[in-house]
Amino acid sequence: MTNQEIPNLTAFDDAALDQAFAAVEAEARAAASTLTDESSVEAFRLQWLGRKQGRLTEISARWLKSAPPEAKKSLGLRFNALKDVVEGLLSQAAGSGPTDAALAAEIIDITLPGTRRLTGAEHPITRTLNEITRVFAALGYSVGVGPEVETDFYNFESMNFPPGHPARDTQDTLVVANQERRPLRDRLLLRTHTSPVQMRTMESQPPPVRLIIPGKVHRNDAQDATHSPIFHQVEGLCVDANITFSDLKGTLDHAMKALFGSAVKTRFFPSFFPFTEPSADVQISCIFCGGKGCRKCKNSGWIELLGCGMVDPAVFVFAAEKQPAYDPKKVSGFAFGMGVERIAMMKYGISEIGQFYAGDMRFLGQFV
Ligand code: PHE
């Protein structure tokens with residue numbers, strides 16, 4: 001911007017002075033508004049405040065010195081006010097980052113896509129856990145939890161695995177070190193199943209109980225395509241007067257249909273667990289071939305999915321030590337336990353259990 005020459009003043013009344021100073025001030029503001037970088041700020045400083053050729057020096061020379069004595073005072077006041085304005089403009093431009101002009105020059109393309117934030121999602125195991133829990137919540141079950149570091153008593157003894165009993169060998173156990181000085185029942189281990197929460201719950205509340213227990217469990221098993229030393233189970237417990245095996249069958253048949261579709265059939269195979277009598281393994285008709293027989297069901301048409309049975313009276317006897325209402329002559333009940341990974345693998349067609357724990361976004365991203 002080229003500066004206009006400072007005109008000579010012809011009149012010195014207030015109106016004429018206001019007009020003359022306003023014009024110069026407007027010019028200074030306009031110049032300041034175009035400043036974009038350090039060098040243009042420096043040029044502005046020289047141009048306006050430079051001692052020899054600055055415009056303020058020029059104004060002082062032309063206007064102040066030629067003014068009649070009676071106008072000098074009001075001229076001087078206006079001159080100082082102008083100087084304040086120009087100095088203010090300069091310090092503003094020098095000290096405050098990008099100026100308005102710099103901002104105006106910056107081109108913002110509003111059609112560019114914004115920064116994407118990844119949306120979090122439920123892990124497939126959590127999702128399956130929640131799905132199973134919801135099925136039972138709809139039947140009036142409440143949700144319970146218990147500790148992962150458990151005592152021998154809750155994990156085994158109270159679940160009717162006596163010390164030294166060979167049934168303990170079916171759940172190869174990770175134990176906490178340096179517990180030998182404690183009585184066996186108090187020794188700590190990583191729970192091998194969610195069943196100990198059955199006992200903890202019965203000890204803390206009288207019947208009736210309808211409870212679902214989702215949780216993490218640990219076994220000293222080698223990892224392979226379908227086994228992991230850490231996995232998840234959902235346990236169920238129902239205790240009341242007159243609970244029968246028919247109730248167990250009806251409940252699990254309903255749950256399997258809710259989880260895998262109403263076409264699914266269930267069948268109950270004799271099995272053994274120390275804490276249920278009778279015990280059964282539940283099989284569902286193969287969801288891949290509809291029961292005709294395929295590789296997934298080893299041509300049997302059936303897939304084994306969970307363990308269950310009627311609560312063994314010996315378990316009620318342990319519970320009755322703290323809650324006498326669990327008298328095996330008065331109450332009966334059923335329990336079941338299912339592996340969450342196994343169910344998730346079937347539902348989502350996953351063939352490697354390790355995928356659940358690898359933290360690979362290419363895998364997890366499919367569940368968003
Ligand atoms: N706790 C058993 C297991 O981990 C499963 C089970 C639970 C069986 C409840 C019967 C009743 O193998």
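1. Two strands count as paired if DSSP finds at least two bridges between them. Helices (H or I, at least four residues) and strands (E, at least two) are DSSP runs, numbered from the N terminus. On that basis, 7 strands form an open sheet in the order β1-β4-β5-β9-β8-β7-β6. The pairing is mixed. The edges are β1 (142-143) and β6, each of which pairs on one side only.

2. Some ground rules. This is a predicted model: local features need pLDDT of at least 70, side-chain atom pairs count only at pLDDT 80 or more, and totals for chains, interfaces and linings use all residues. Residues are numbered from 1 along each chain as its sequence is written, and side-chain values use heavy atoms, with hydrogens and water left out.

3. Domains next; their bounds come from an automatic or database domain assignment. The protein chain is split into domain 1 (14-105) and domain 2 (124-367). Taken over C-alpha atoms, the two domain centres are separated by 84 Å.

4. Strand β6 (residues 266-273) runs antiparallel to β7, and 7 bridges join them. β6 and β7 make a hairpin with 2 residues between them. Within this pairing, P270 has A280 in β7 as its bridge partner. β8 and β9 are also antiparallel, over 5 bridges. There, G307 is bridged to G337 in β9. Helix α8 (residues 196-204) packs on the sheet and touches β4, β5 and β9. The direction of α8 makes about 40° with that of β5. Here axes are lines fitted to C-alpha atoms, for helices over the stretch in contact, and angles run from 0 to 180 degrees between N-to-C directions.

5. Which residues have the most contacts inside the largest nonpolar core? They are F136, L252, M256, F260, L305, F336 and M338, in a core of 43 residues. Such a core is a set of buried Ala, Val, Leu, Ile, Met, Phe, Trp, Tyr and Cys residues joined through side-chain atoms within 4.5 Å. Buried means under 20% relative accessible area, exposed over 50%, and partly exposed in between (1.4 Å probe, protein chains only). Elements that each supply at least two residues include α6 (124-137), β5 (230-240), β8 (302-311) and α11 (340-348). Helix α9 gives the most, with 6 residues.

6. F260 deserves a look. Leaving aside neighbours within four places in sequence, F260 is in contact (heavy atoms within 4.5 Å) with I284, I287, L305, I343, M346 and K347. A second, separate core has 25 residues, among them V41, F44, A67 and V86.

7. Salt bridges: the whole structure has 15. The criterion is a side-chain nitrogen of Lys or Arg within 4 Å of a carboxyl oxygen of Asp or Glu. E58 and R62 form one, at 3.8 Å from N to O. Both sit in helix α3 (residues 55-66), 4 residues apart, about one turn of the helix. E58 is partly exposed at 26% relative accessibility, and R62 is partly exposed at 26%. A salt-bridge network links E5, E58 and R62.

8. Is the R168–D152 pair buried or exposed? Both residues are buried. Their closest N and O atoms are 2.8 Å apart. R168 lies in the loop between α7 (152-155) and β3 (188-190), while D152 is in helix α7; the pair links distant parts of the chain, 16 residues apart.

9. The D240–R210 salt bridge has its closest N and O atoms 3.5 Å apart. D240 is in strand β5 and R210 in strand β4 (residues 209-218), so the pair ties together parts 30 residues apart in sequence. D240 is partly exposed at 24% relative accessibility, as is R210 at 31%.

10. Backbone geometry to check. Most residues other than glycine have a negative phi, and most peptide bonds are trans. The peptide bond from P207 to P208 is cis, with omega near 5°; P208 is in the loop between α8 and β4. The bond from E277 to P278 is also cis, with omega near -5°, and P278 lies in strand β7.

11. K298 is not a glycine, yet has a positive phi of about 50°. N299, also not glycine, has a positive phi near 60°. K298 is in the loop between β7 and β8, and N299 is found in that loop between β7 and β8. K298 is exposed at 75% relative accessibility; N299 is exposed at 61%.
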